[in-house]
Structures are given as structure tokens and as C-alpha cells.
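Trainee: I'd like to learn how to read helix packing from a model. Can you walk me through it?

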Amino acid sequence: AAEGPGGAAPSLLLAMAKRLSGADWFTARVSAAGILPAVYRFFSTADGATAANAEEVRRELRTLYKDLSTDDTPMVRRSAAKNLGSVVEAVANLPRTAASLSTASGGGSIEAMVTQPAVRKIVLEELVPVYQNLGSDEQDSVRLLAVAASGSVGYALGCDAELTSELVWPVVRGGCQDLSWRVRHNLSKEFATVAGSLGFTSSEYGAKQTEIFRSFSGLLQDQEAEVRAVAVESIARMAQLGGPDLFQAHITPALPTLAEDPVMEVRSKLAQAIMDCCDEATCAILTDRVVLQDFKPLLEGFLNDEFAEVQLRVLTKLARVSHLLARMDTVVGSILAMAKAINWRVRDAVSRLLPHLAEARGIAFFEEHLMELWLKLLLDQVAEVRFGCISGMSKLLSVAGPAWMQREILPHYLRIYEESSSYLTRITIIRSFAELVKDGGGAAYGHALLEDVLSLMLKGLRDKVANVRMVAAQGLATVASGDEAIWSARVQPELMARVTEDDDEDCKFYAQVALDARA
């Protein structure tokens, strides 16, 4: 390409593609199938398209690919099937891969991407037959790769439901029913992308869309655990594609059985998929009624699973349904019981959830049932669990308000600080207070809270352990935008004293950083 359109690069690329495609040894032909998409795209770009006979070169490249797709050697056909999606995307000049198009927010107007009738004709007449032949190849290693390219073919046809229903859907349907579990497995990986590319969105093709969901339900109930495990990963995107009615009619009935699957990986991925269904960025179409009616029993089971991995799939994302926790008593009970789990990752997830529980169930519930757990997790032996409580302070402040924090939380924290003989505990308390007033946020809730917090942080500046003084200085740097009077009268003199008097260089450095942040 550096040679320019008139240079030797185009002719060298074409010569290389021809030489590899016509080689006697099959390994060269395998490589040829791999490079053809890139070579084709070059001759479709500004540099390549201006080369002499560019259209003739593209036609010749398509012929080379078609010959490779009918090669006598299965390994060559397998390579052709592996690169089928890339070839189709290159010929149709799609701006992105099928997987990217299927998840793009503006992916609904795909038809405009293939506007040239000549390009559509090439895809229909030359590449669709290749796709159909590879999709019915006698070798399952070829079929599994061909059916996975169905999404690329669908997008190359502009998601035209009339065309895809006749040319693409039969291959997909056959892949769902293939005797080889590897074919079903590979198709399950791409099923959401494939389903979105078929374009069965209008009421005219409602029966076809229903057939898609029946096939997907079959994959969810496949006899092979590997197939079920990858199929459940597409549940959220399929729900967004089909809407609540199709979801409840075809997917919901399979969920209880999957939730009790003997294979842990299936349960773990299902738990992740269920939480993805509650994420508006992935699936914004399911209502709270669906969550409470269909998902709540599943969440209860996942939280009581014998494997921590399954529990964590739910716990780490449960904040997405925090507004519904007031109506999930069993789920809340399970969360409270898990605060004593042996696995520290479970305790960490619980610590990050407690402020959301306070928001959902009310601050009185926090006082009665969660306060003791919160204080125990704050002193957990694993630092990451303690950090979970630290990061939740600002959320707890927004839920409970400054008066409650001063009355209920600060006295406990001050007592822990005073009674602790471990510098790590004192550091945890200081970091918690710093989180409360980070970036001057405490001032928005009143000066009383800010003064109480600063009093302890200033006390930390005088601690006998250098690590505590350093963390206190770091915390004061984050509240540099606080009240000017408080800063000048109390904070600035203490920091300047640390800069000039402290015998630890790190403490001096961070004290100066805090002063500079105010400058």
C-alpha cells in the first residue's frame, strides 16, 4: 500500500493470493483462505480500488475463494469456512463485523449498508451458495464454522427478511438440529448475532421469529452441557430482540431446569445471564414484574448454591435490582447469611451491597439488621473486604443523611479508632472518613459532619505510625475544596507542620501534595 495505487503492491498481493491458492501442498491453500479477506478489502479501499482492473481483480479473488471452498481436502474447506464471515463482510464492504453490528445501538438500519445492487447481487449469486454448501458439508468441522458465519451473511443481505428466510434460516435451523454437538455448540455462541441479522422484526414474520425462539429454547435444553453453557450467554440479547412475550413463552420455561443443572458452569453462566437481563445497557425491555415473577426464585437458588462462583455472579450485580430488594425477603436473608462466608470474595460482594439494602429496606432496617454486619466487615482480615465498606460510605451518606451518620456511624468509627492497636484498622477508619467528604462532598451536607471528619483525619496526621500519617495526608488532599475558614484555621497549619517536622519523607511528600491541591 505504501507504493501507492500505481506501484507494485497490488500486483504483488494478487500474485501471492494466486500462488498460495494454486499450490500443490494443502497448507498453502489453507493460508490462502486466511489472507483473501484482507486482500479483497485492500482492492475495495481507496488505494486498491484505483489500481488497474480493480473490479476484475475482485472477481478473480472471489473465484479463488469459491475454488478453495470446494477443495477436496477437508482442512482447506475448513479454512474457507473459518474465514467465510470475513470474506462476506469484505465483499459486502460492511463497516464492522457482524458481532459489532448486532450490539451497536444504531444497528437497526443495516439495510442502508448494502445499497449497491451490484454488491447485493454478488453476495446472492456467489457467496450464498458457498455458505449453503459449507453449511451442509459432510465434515462437522467445516459445518460448525460455516453456520457461525450466518450473522455475516444476514447482515450482508441487509437483514432483508424475505431473503434471509429463504437462504439463511434453513442453514441455521439445520445447525440447531445437527447431529454433531460441536456444530450446535458453535452456533450457540453466535446465536444472538445470527438471530439479529435475520431481520424478522415485522409482524409479517412473527411466525419466523417464534421459530427462532423455539430453536433457541432447544439449544438451552440441549443434552450436551457445553451447548447449554454457551447458549445461556445469549439469553439477555435474545430477550432484548424478542421482547417480554417471546421471552416468557419460550425462554422462561427452560430457566428452572437450567438453574438446577448438575454442571456448575451452566448454573454460573445462567446466573450471569439473568443479571445481564436486569442491566438496562444490555436488556432494557423486561419489566420489574418479570424480574419478580420469573427471576426472584432463581436468584434465591443461586445465592444458596454450593459454589461461590455461582453466588458471586449474582452478588456482584445485585445492585442492578436494588430497587426491588424490598420485595425480595428471601434474597435479603441469603445476603445477610453470606456476610459470614468463608470465601472472602463473597464477603466483599456483600459489603458492597449493604448500602443498597439500606436504600431498599430503609435506614431502620440497616440499624436493626445490618449495622453489626457492617462493622464486622469493616474490620475483616482481608483488605479488599474492608475496601468494600470504605467505598460504600458515600452511598450510605446519600441514603441516610448527615445527621444519622453523625449520630449512628461516627461514634462507632471513633470508638474503633481509639481502641485499635492495629495501624491497619486506623487506616481503614481514616479512609472511610475521607470517602465521606471526598472532593468536598461533605460540605454539601453541612459543616458539622465535615468538622467531625476532619478532626479525626487531623488526629491521624499526628499518629505514631508513618503509614497512618501518610494516609491521613492523602485523605486531606481529596477534601481540598472544602470550607476556606476550616482549611485556613485547622488543616493548613497541620499539613505545613508535617512538611517541616515529619521525619518520614513519604509523609512530607503527601502533606505537600495536599497543600498544593488547595493552591
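This is a predicted model: local features need pLDDT of at least 70, side-chain atom pairs count only at pLDDT 80 or more; totals for chains, interfaces and linings use all residues.

Trainee: At what angle do α29 and α31 pack, and how far apart are their axes?

Mentor: Helix α29 (residues 447–461) and helix α31 (residues 484–501) have axes 11 Å apart, at an angle of about 15°. Angles under 35 degrees count as roughly parallel, and α29 and α31 are therefore roughly parallel to each other. Their crossing is left-handed.

Trainee: Which residues make that contact?

Mentor: From α29 you have His447, Leu450, Glu451, Leu454, Ser455, Leu458 and Leu461, and from α31 Ile486, Arg490, Val491, Glu494, Leu495 and Arg498. Sorted by class, the contact of α29 with α31 has seven nonpolar, two polar and four charged residues.

Trainee: Let me try another pair. What are the angle and axis distance for α24 and α27?

Mentor: Helix α24 (residues 363–378) packs with helix α27 (residues 402–419) at about 20°, and the axes are 12 Å apart. As for the hand, α24 passes α27 in a right-handed crossing.

Trainee: And what does each helix bring to the contact?

Mentor: α24 brings Ile363, Phe366, Glu367, Met371, Trp374, Leu375 and Leu378, while α27 brings Trp404, Glu408, Ile409, His412, Tyr413 and Ile416. In the contact of α24 with α27, 10 residues are nonpolar, one is polar and two are charged.

Trainee: One more pair, from the start of the chain. How do α1 and α4 cross?

Mentor: Helix α1 (residues 9–21) and helix α4 (residues 54–69) have axes that come within 11 Å and cross at roughly 20°. α1 and α4 are therefore roughly parallel to each other, and α1 passes α4 in a left-handed crossing. On the α1 side, Leu14, Ala17, Lys18 and Ser21 meet Val57, Glu60, Leu61, Leu64 and Leu68 in α4. The residues of this α1 and α4 contact split into six nonpolar, one polar and two charged.

Trainee: Now single residues. Is Cys176 buried or exposed?

Mentor: For this you need one cut-off: buried means under 20% relative accessible area, and exposed means over 50%. Cysteine 176 has 11% relative accessibility, so it counts as buried. You'll find cysteine 176 in helix α12 (residues 169–176). Beyond the neighbours within four places in sequence, cysteine 176 is in contact with Arg184, Leu187, Phe191, Ser215 and Leu219. For a distance across the chain, take valine 227: 51 residues along from cysteine 176, with 10 Å between the two C-alpha atoms.

Trainee: What about Arg426: buried or exposed?

Mentor: Arginine 426 counts as buried, because its relative accessibility is 7%. Arginine 426 sits in helix α28 (residues 423–436). Leaving out neighbours within four places in sequence, arginine 426 has contacts with Tyr417, Ser420, Ser421, Asp463, Val465 and Val468.

Trainee: And what relative accessible area does Met75 have?

Mentor: Methionine 75, in helix α5 (residues 74–82), has a relative accessible area of 44%, so it is partly exposed. Apart from neighbours within four places in sequence, methionine 75 is in contact with Phe26 and Val30.

Trainee: Which residues of α22 are buried?

Mentor: In helix α22 (residues 329–337), the buried ones are Val331, Val332, Ser334, Ile335 and Leu336. These buried residues pack against α20 (288–303), α21 (308–315), α23 (344–361) and α24.

Trainee: Zooming out, how many helices and strands are there?

Mentor: The protein has 32 helices and zero strands. Its radius of gyration is 31 Å, well over the 24 Å that the globule rule gives for 519 residues, so the protein is more spread out than a compact globule. Along the principal axes, the C-alpha trace spans about 80 × 60 × 40 Å.

Trainee: And what share of the residues is buried?

Mentor: Of the 519 residues, 53% count as buried. As for contacts between residues at least 6 apart in sequence, 69% join residues at least 24 apart.

Definitions and conventions. Residues are numbered from 1 along each chain as its sequence is written. Side-chain values use heavy atoms; hydrogens and water are left out. Helices (H or I, at least four residues) and strands (E, at least two) are DSSP runs, numbered from the N terminus. Buried means under 20% relative accessible area, exposed over 50%, partly exposed in between (1.4 Å probe, protein chains only). Contact means heavy atoms within 4.5 Å. Axes are lines fitted to C-alpha atoms, for helices over the stretch in contact, and angles run from 0 to 180 degrees between N-to-C directions. A crossing is left-handed if the near helix is turned anticlockwise from the far one by less than a right angle, and right-handed if clockwise. Ala, Val, Leu, Ile, Met, Phe, Trp, Tyr, Cys and Pro count as nonpolar, Asp, Glu, Lys and Arg as charged, and the others, Gly among them, as polar. The radius of gyration is taken over C-alpha atoms; the globule rule is 2.2 Å times the number of residues to the power 0.38. Angles under 35 degrees count as roughly parallel, over 145 as roughly antiparallel, 65 to 115 as roughly perpendicular and the rest as oblique.
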